[in-house]
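I opened this one up to see how it is put together. Notes follow in the order I looked things up.

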Amino acid sequence: MDTLYISSHPDDFRSLLPLIAAEFCPSPPRIVHEDPPAEVARSRPALVLAGAGGTVLTGANAVSWYLAAAGKQTGSEKKQESQVWQWLSFAENELTPVACALQQSSRAELLRVLKALDETLAPRTFLVGEAVTLADIAVSVALEPVDRKSLVNVTRWFNTCMNQPQFLKVEIVVLSQSFRSCLFPLNDWFDLLFSGPPKTEAQLKKEAKKREKMEKFQQKKEMEEKKKKMQPQTEKKAKPEKKELGVITYNVPTPPGEKKDVLSPLPDSYSPQFVEAAWYSWWEKQGFFKPEYGRKNVSEPNPCGVFMMCIPPPNVTGSLHLGHALTNAIQDCLTRWHRMRGETTLWNPGCDHAGIATQVVVEKKLMKERKMTRHDLGRENFIQEVWKWKNEKGDRIYHQLKKLGSSLDWDRACFTMDDKLSFAVQEAFIRMHEEGVIYRSKRLVNWSCTLNSAISDIEVDKKELTGRTLLPVPGYYEKVEFGVLVSFSYKVEGSDEEVVVATTRIETMLGDTAVAVHPNDSRYQHLKGKMVVHPFCDRKMPIVFDDFVDMSFGTGAVKITPAHDHNDYEVGERHKLPFINILDENGLLINVPPPFLGMKRFEARKAVLQALKDLGQFKDVKDNPMVVPVCSRSKDIVEPLLKPQWYVDCREMGKQAADVVRNGELKIIPDHHLKTWFNWMDNIRDWCISRQLWWGHRIPAYFVTVNDPSVKPGEDVDGHYWVSGRSQEEAREKAAKRFNVTADKISLRQDEDVLDTWFSSGIFPFSIFGWPNESEDLRVFYPGTLLETGHDILFFWVARMVMMGLKLTGKLPFKEVYLHAVVRDAHGRKMSKSLGNVIDPLDVITGISLEGLYAQLMDSNLDPLEIEKAKQGQKSDYPSGIPECGTDALRFALCAYTSQGRDINLDVNRILGYRHFCNKLWNAVKFAMRTLGEGFDVSGHLCGSESVSDRWILSRLSAAVALCDSGFQAYDFPTITTAIYNFWLYELCDVYLESVKPVLSRTDSEGQKQADICRQTLYTCLEVGLRLLSPIMPFVTEELFQRLPRRRAQDSPPSICVTPYPETSEFCWHSEDVDRQMEFVMSVVKTIRSLRADYNLTKTRADCYLQCIDSDTAALVQTYSLQIQTLSYSQAIYPVVGGDSTIPQGCAVAIASDKCTVHLMLKGLIDLEKEVTKLTAKKGELEKQMEKMMEKTAKNDYKEKVPVKVQEADAEKLRQNETELQKVKEAIENFRKMM
C-alpha cells in the first residue's frame, strides 16, 4: 500500500489537495500525520509508492496528480489532461498568492481573477468535462464558500464541489476553517472588493488589535480546556439525546426478482430504506401486476369483473413531480384495491413523445455538444438523434414510478411513437380526413417564433401585468416593454379630420386594413362610407361599423388587423377585409414598407412609435393592465399568425361528448366539473392539429400537382388538392382517381408538419391495444373502466379521448372520470421554482438537507435574485431540510389530502407524521408477534366467548372495513385513510392493546383460555388491518404481512397484494350497542386521566369511585371495570349507586357524563397544604395577568389603534386565563374540603 505523509499542522492547507485526490483512488494510500523518514523526503506532502521500489513523490501538485490519475480525475483525453494541468497551475500561481496576500494592492487583482473564473464557469458545471476533476479540487480548496450575486457561477460551482462525497469524507468544512486562518479571510477580501474605498491605516491597526485580542482570548480558552482535562473527571448523568429518525438498511444479499428474507428478526424500529428494499422487483417477477395472474388468459370469464385504467402518459422528457406522485398514488391505490377484490385488473403504462418538449431538449443538447442546429443535421439524422436520446434517457420516469410502488403491467408499456401506436395515429387521421372531419384551412394560430411552430393553448402561459413591465424575450438583448396602451391617429381621406385609435401592439398597425366603430356611436355616424389613410403606405382603409366595438373604451374607435388578432380576424371575415400578414415564421417583418421591412418585430415596435411621433400622429401612451401570452416551452411571446393548417371539425363530436355526460353514460367526478365540461363542449372550436416540428407523427397528407394542362394548379389552402394515404402509392391512386388522370401524371409532396401530441394522446386508450387491428386485449380491455387525472387537462386530454373514442370506435373509452385537485404548498401557494416550494417526491421519500435543496436551486435556470428568494422560502419551510419519510408515508399523505373539490395544501411535517404512524404499525405487529408466540395456531372463526374488549375491537374493525369499502366506491380517499388511521392508532394501539395486557399476562387456566381468545382477536385485527391498508401503503404492509402466520397456510396467497380485500359481507360484527358502551367507558377513562393530570399524579395509582345514576350504569361499569382500571392507571374501580354519603372523604370530583361522576381518591397521596400554597400563588399570578389585560383593553383608543388580529389574540388569552382561574379555584376548594 502507498503511504501519504501530510502535515498535522491545522494551518497547512496544502494537505487538502492530495487528501481529496486520494479519496478518488480505487486503492487509497495510508495517511500518516507525521514527518516522513529522513531518507525518504524532507517536505510534505510526500507519497511513498509501495510497488515501485520506494519511489517518492513530493509537492502538493505532483502527489495530487498521481493520485487523481489513478482515480481517473485528470481528464478523459489528452486535451482535457492539458486543461486540468493548466487549472492546477492557475490555482498555485494566480489564485493562492493573491488570496493569501494581505496588501490592499491585491484588491483589484483578486477581483480580476475571480471574475475571470466566474465567466469561465457560466456555461459549465465543472471546470473540465462533465465531472469533478483535479482542476475543480485544486481551485476549490483555494476558495472560501461565499455567496455574492456578482459571482453566482463561482458560488454554484463551489457548492457543487463541496457536496461531493469525497470532499465531505476529508471533512472539508473543518479543514477549511483551519485553512482560512492562514488566508486573509476571503469574506474580508469580498468586503474590500465590493464595499467601496480601501480602509485607512488607522482602521487597519484597529482591526489588527482586535485580531490580537481574539487570539489571546482563544489561547485562554485553550488553557482552560487543558486544565479541565488534567482534573479528575466525575461522571455526570448523560442528558437523553433527542431521538433521531433511524436509518436501517436491508443488507441480506437478494438477487433482483428473488423474494426478500423474512426469516430474520424485524429491526427495532421502522426504517423506509429497510422496508422498501427488494419487494418491487419480486412483485414484478412474480407477475402480480399482470391481468393474467391467477388465470389462464385475460379472456377467461371472471365473475368479479374487469378493471382497466390507462396511465396519463407522462412526457418522455419528464421527471417526477408532486402532480405525478398524487396521480400515481391515487391510481395505484385504486388498481391494488380492484386487484385484491379479485377482478381481472390492468393498469397500462405508457409514455408520451412530447413533440415540442423533446425536440427542444435534443436541439439544446446538439448545440451544447456539437454546436449544430437540427437544420445542419437534416430531418432524418435529427430524428435518429432524438431516438438515440430517448433510448438512453427516456425511461427515467419509469424508474421513478417504480420507486413510488406503482403496480403497472410493464410488459404492456407503450410509447406514442412505437410502430403499433404510430400506425393507429396514421389510420385515425386518414379515416377522419376521408370523412371530412379533418380539413385544411388558413387561420390564426398560436405561433412561437423561437420554436418556429404553432403551439396548443395548454402550452401558452398567460402572464398578467398590472401596467408597464419590461419582459425578457428570446433573441433580444434588451428587455421589451409591455403593459402600455399607445394612442395614435389615422387621417380621414379628403379632410382634416382624424380618428384616434389605441393598441398594446403598435407594430401591428403596419398590418391594419380597417378602423371599426359601433353602429350606434353617434360620434362617427358622419364617417359612414369614408376611408382613412395609412401613414406609411398608400393603403386606404374603410371605417366599418361592427357590434363587437365597446363604445365606452377609449375613443370608441378600434384599429383592425385581421391577420394578427383573433377578434380582428372575425371582423375581417364579416366585412371581407384584406388579410395582410406582416410577420414571417421567425418574427421578422414582411409585406411592409421600408424602413420597417426585415426588422425584428419588437425592434419595429420602437421604430413605428418614433415614426408616428415624427409625423405628429402619436397621441399618448399610458399604463394598461393586460395579459401577455408566453410560450411555456421557449418563454417567447406568442404571436397570432395566419398559417394554412389541418383542423378537426369538433362541432358534432363535441355535441356527442356533451350528450353522453348529460344522459349519464359517462360520469364525471366530482360533479362540480360538469359546468366546465358543458361550457367547453357546447362552445367548442375546431382543433388545429398541425405542428411545425420534426419530432412526432408526420401528417400522412400529400399535396397534389397534376402534370396535365386540363387540370389547373391548386393552392396549399385548397383541401381538394390534398389527399391522405397509408403510403405514397395509395395517395397517388386516390389523386389519380380524384382528378381523372393516370397515376404517372401525379406528383406528390408530403406535408412537412407533424400532428399535435394531443392527437396521439386522444386515441391512447385504444391505440395501446393495437387498434384498428382486432386483438384479445382490445376485446377485453376496451372500453376501459376509469380515467383518473388532474382537472387541469379535462379539455386538452379527457374531452379529446371521449370525442375520438366515440368517433373512431363508436364506444366511450371509459365509464367514469375521476379528477383530482391541484397540489399546493403548506401555505396554499402554487408550486413555483422561484418561491423555492417545488418539492421533488423522491426528496420526500429519501430525505434531503437544506444544503441539498440549495444545490438543486443552483442547478436550475433561475436568475440570481430568484434563487435568493427561493432560498429564503426553503429556509423558512424546511430549516433542517426534508427528513426521510419513505414512499408509504408520502402515498398515505397524498391520499389523505385528496378531498374532492379542494386544492391540496401539502405540509411535509404531516407526511413525517405518517412515517411515525408506520412506526406505530411496526411496533404493534412486533408486540403482537411476541404475544402470539412461535406455535400460534390461527382459528378460522369466532368462538362466542370473546370478552367485551374483543367484541368492541371487532366491531370497530368491521366499521373500518365498511368505511374503506364505501370510500373506494365513492373515490373518497380521506374517508379511507381516516378510517384506517383511527382504527390502528386510536382503537387498536391506544385502547385495545393497552386494555388486554392484563389478560395476556394471566397464568391460571381460565386466564389462559381468555388469553388465547384474545390472541385470535389480535391476529384478526392485524391481518385484516394490514389488508385494509395495503393498497395505500404497499411496502410496509407486505413486510409485516409476510411475518404473520397464515389462516390457511396451504393455499394462502404469496403476497398481500394478491390477497382478498376485506369485504363487509365477511366482517359483519359491527355492533352499535358495544360501540355506545365503549364510548361511555372511554369518556370515564378520559375524565379520570384528566383529574390525574390536574393533580399531577404521574406515577401514583389512586382508587376511583364511579358514582352511577342507576343500577344499569353501575352494571355496565362493573362489566368494563378491568378496562377502565387498566386504561386510566387506577388502583381499583368501585361502582357506586346513590348519594355522596357512600363515597369516602378526600376525593377530587369531575363529571364524566350525565350518568356517571368520577371521584378520585387523593387523601394520603399528596401534600394538601403544599398544593394549596402552590395553587394560591398560581391564582394570584392569573388574577394579575387578567387585571393587566383588562386595563389594556379598556383604554379608549384600544379598538381604533390595535389591529383586529391582536384584539382577537388578547380576547382569547383573557378567555383562557378565566378558564384556568376557575379550575384553580375549584381545586383549592376541593383541597380545603379534604384538609
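This is a predicted model: local features need pLDDT of at least 70, side-chain atom pairs count only at pLDDT 80 or more; totals for chains, interfaces and linings use all residues.

**Entry 1: strand 37 and its partners**

With that rule I went to strand 37. Strand 36 (residues 1147-1153) is joined to strand 37 by 6 bridges, and the two run antiparallel. The link from strand 36 to strand 37 is a hairpin through 2 residues.

Strand 34 (residues 1103-1108) also pairs with strand 37, antiparallel again, through 5 bridges. There I noted Tyr 1105 opposite His 1159.

Next I asked myself how many residues of strand 37 are buried. The count is 6 of 6 for residues 1156-1161. In a regular strand the side chains alternate between the two faces of the sheet.

**Entry 2: the cores**

I looked up the largest nonpolar core and got 177 residues, with Trp 984, Leu 1106 and Ile 1124 having the most contacts inside it. Helix 34 (residues 973-1000) gives the most to this core, 15 residues. A second, separate core has 76 residues, among them Phe 429, Trp 687, Phe 769 and Leu 787.

I then listed what Ile 1124 touches, skipping neighbours within four places in sequence. The list is Val 1081, Val 1084, Val 1085, Ile 1088, Leu 1106, Val 1117 and Ile 1133.

I traced an open sheet of 4 strands in the order 10-9-22-24, with antiparallel pairing. Which strands stand at the edges? They are strand 10 (453-454) and strand 24 (687-688); each has a single partner strand, so one side of each lacks a neighbour in the sheet.

Strand 9 (residues 438-448) and strand 22 (residues 639-648) pair over 10 bridges in the antiparallel sense. I picked out Trp 447, which stands opposite Glu 639 in strand 22. Helix 19 (residues 566-575) packs on this sheet and touches strand 9 and strand 22. I read about 140 degrees between the direction of helix 19 and that of strand 9.

**Entry 3: a helix pair**

I followed helix 21 (residues 651-662) against helix 22 (residues 674-682): their axes come within 8 Å and cross at roughly 150 degrees. Angles over 145 count as roughly antiparallel, so I put helix 21 and helix 22 down as roughly antiparallel to each other. The crossing is left-handed. On the helix 21 side I wrote down Gly 654, Ala 657, Ala 658, Val 661 and Arg 662, which meet Leu 674, Trp 677, Phe 678, Met 681 and Asp 682 in helix 22.

**Entry 4: one aspartate**

Is Asp 708 buried or exposed? Relative accessibility is 15% for Asp 708 and the cut-off for buried is under 20%, so Asp 708 counts as buried. Asp 708 sits in the loop between strand 26 (701-706) and strand 27 (722-724). Not counting residues up to four places away in sequence, Asp 708 touches Val 741 and Lys 745.

**Entry 5: whole chain**

Last, the totals. I have 42 helices and 37 strands, and 51% of the 1235 residues count as buried. Of the contacts with a separation of 6 or more, 76% come from residues 24 or more positions apart.

Terms used:
Residues are numbered from 1 along each chain as its sequence is written. Side-chain values use heavy atoms; hydrogens and water are left out. A nonpolar core is a set of buried Ala, Val, Leu, Ile, Met, Phe, Trp, Tyr and Cys residues joined through side-chain atoms within 4.5 Å. Buried means under 20% relative accessible area, exposed over 50%, partly exposed in between (1.4 Å probe, protein chains only). Contact means heavy atoms within 4.5 Å. Two strands pair if DSSP finds at least two bridges between them. Axes are lines fitted to C-alpha atoms, for helices over the stretch in contact, and angles run from 0 to 180 degrees between N-to-C directions. Angles under 35 degrees count as roughly parallel, over 145 as roughly antiparallel, 65 to 115 as roughly perpendicular and the rest as oblique. A crossing is left-handed if the near helix is turned anticlockwise from the far one by less than a right angle, and right-handed if clockwise.
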